[in-house]
Amino acid sequence: MKTGMQKRKRSQAGMTLLEIVIAFMVLAIAIVGTMSLIIVVASHNEARAESNMAYKACQDILERLLSMDYATMTAQNGVTFAVTKINPTQNIGSIVITNVNPANLDDANAGNDTTGGVANQMCLVEVRVQTATVGLKPINVTIGTWRANK
């Protein structure tokens, strides 16, 4: 018959090799999961940074367009540009200007103005940048505003 002292020594003998292996396996799984999460978050941060740069580029071009006179601004329709802060070979910006006659806004046949910018004309000025982010879906940024020919 074992005494209480012998039982206590056996229960305090320490961990077995199997318990140590299982603990290391659990630790390894936790580390791999954490590392993959860090990689995903880093790639999303990079994409967000590109999106912010694309938005700032659109905003800068739009402000430049709005500082021009109406005829010079409308002549910029269809111009493309590279966003140099991002990879310029894969990130292309474009300017789209649509002239609209305010009297015909509700008319189904309203279309682009071909009169060369007569008074009381309005145009929708849009600046677009498309980014080609590796590993993630492309980011498309479009900002626009209305401008009247004064």
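In this predicted model, the largest nonpolar core holds 20 residues, of which Leu65, Met73, Phe81, Val125 and Val127 touch the most other members. Such a core is a set of buried Ala, Val, Leu, Ile, Met, Phe, Trp, Tyr and Cys residues joined through side-chain atoms within 4.5 Å. Two or more residues each come from α2 (17–66), α3 (70–74), β2 (92–100), β3 (122–131) and β4 (139–148), with α2 giving the most, seven. Helices (H or I, at least four residues) and strands (E, at least two) are DSSP runs, numbered from the N terminus. Local features need pLDDT of at least 70 and side-chain atom pairs 80 or more, while totals for chains, interfaces and linings use all residues. Residues are numbered from 1 along each chain as its sequence is written, and side-chain values use heavy atoms, without hydrogens and water.

Turning to the sheet, four strands form an open arrangement in the order β1-β2-β3-β4, with antiparallel pairing (at least two DSSP bridges between two strands). Because β1 (80–82) and β4 each have a single partner strand, one side of each is left without a neighbour in the sheet. Neighbouring strands are turned by 20° against each other on average, direction ignored; axes are lines fitted to C-alpha atoms, for helices over the stretch in contact, and angles run from 0 to 180 degrees between N-to-C directions. Ten bridges join β3 and β4, and Val129 stands opposite Val141 in β4.

Helix α2 lies across β1, β2, β3 and β4, at about 20° to β4. Within α2, Ser51 counts as buried (under 20% relative accessible area; exposed is over 50%, partly exposed in between; 1.4 Å probe, protein chains only), because its relative accessibility is 12%. Beyond neighbours within four places in sequence, Ser51 is in contact (heavy atoms within 4.5 Å) with Ile139 and Val141.
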